[in-house]
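Reader: I am new to this structure and would like to go through it step by step. Please show it to me before we start.

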Amino acid sequence: MNFDTITARYQPVVLSLLRFVTGLLFLQYGLAKLFKWPPVPMFEKVELFSLYGAAGSLELIGGILLVLGLFTRPMAFIVAGEMAFAYFMGHAPRGFFPILNNGGLAIMFCFTFLYLAFAGGGPISLDAMLRKKS
């Protein structure tokens, strides 16, 4: 067996792992903004009916659905848009280079979610379980 054969065999499972871990990372932002856990000084005054509150709601719901692998494609597309919005509204005005405007994570989330919108949630997901039942 060569390296390409081995990696191709495990690609679907690694896709599910990527979705799961990215969903967990994203979920923590929603929890911090809406439930103040873990406590992040930057998010301590976020109100539900504010721009940060709306973002936190998307991050909470999107994070949960991505961790579960439920409605992966539409949810990933929506939160990819949220991350593009976050970058262009919050980071890009601070400078051109993402390393200087602290926008690298928003870009990474955006393009990871865009990939998941096209690739789906992988075989270890509720989406896959529901497809098998029907």
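Reader: Which residues of α2 are buried?

Author: This is a predicted model, in which local features need pLDDT of at least 70 and side-chain atom pairs count only at pLDDT 80 or more, while totals for chains, interfaces and linings use all residues. Residues are numbered from 1 along each chain as its sequence is written, and side-chain values use heavy atoms, with hydrogens and water left out. Helices are DSSP runs of H or I with at least four residues, strands are runs of E with at least two, and both are numbered from the N terminus; buried means under 20% relative accessible area, exposed over 50%, and partly exposed in between, with a 1.4 Å probe and protein chains only. By that rule the buried residues of α2 are G53, A55, G56, E59, L60, G62, G63, L65, L66 and V67.

Reader: Against which helices do the buried residues of α2 pack?

Author: Packing is judged by contact, meaning heavy atoms within 4.5 Å. The buried residues of α2 pack against α1, α3 and α5.

Reader: What span does α2 reach from its first C-alpha to its last?

Author: The expected span of a helix is 1.5 Å times one less than its number of residues. α2 has 18 residues, with 26 Å expected. Its reach is close to that value, at 26 Å.

Reader: Which residue just after α2 takes a positive phi?

Author: The phi in question is about 75 degrees. The residue that takes it, just after α2, is G69.

Reader: How many helices does the chain have?

Author: Read along the sequence, the pattern is α-α-α-α-α-α. There are zero strands, and the number of helices is six.

Reader: What percentage of the residues in the chain is buried?

Author: The chain has 134 residues, and its C-alpha atoms fill a box of roughly 50 × 35 × 25 Å along the principal axes. The buried share of the residues is 37%.

Reader: Which helix gives the most to the lining of the largest pocket?

Author: On a 1 Å grid over the protein atoms alone, a pocket is an open set of points where a 1.4 Å probe fits, with protein on both sides within 12 Å along at least five of seven lines, and lining residues have an atom within 4 Å of a point. The volume, which is the space filled by probe spheres set on the points, is about 650 Å³ for the largest pocket. Of the 24 residues that line it, the closest to its centre are K33, M42, Y52, A86 and H91. α1 (3–35), α2 (51–68), α3 (72–91) and α5 (104–119) each supply at least two lining residues, and the most, seven residues, come from α3.

Reader: Is W37 buried or exposed?

Author: W37 is placed in the loop between α1 and α2, and the peptide bond from W37 to P38 is cis, with omega near -10 degrees. Leaving aside neighbours within four places in sequence, W37 is in contact with L31 and A32. Because its relative accessibility is 57%, W37 counts as exposed.

Reader: What is the phi of K36?

Author: K36 is in the loop between α1 and α2, and counts as partly exposed because its relative accessibility is 32%. K36 is a residue other than glycine, yet its phi is positive, near 60 degrees.

Reader: Where is N102 found?

Author: N102 is not a glycine, although its phi is positive at about 60 degrees. At 57% relative accessibility, N102 counts as exposed. N102 is found in the loop between α4 (98–101) and α5.
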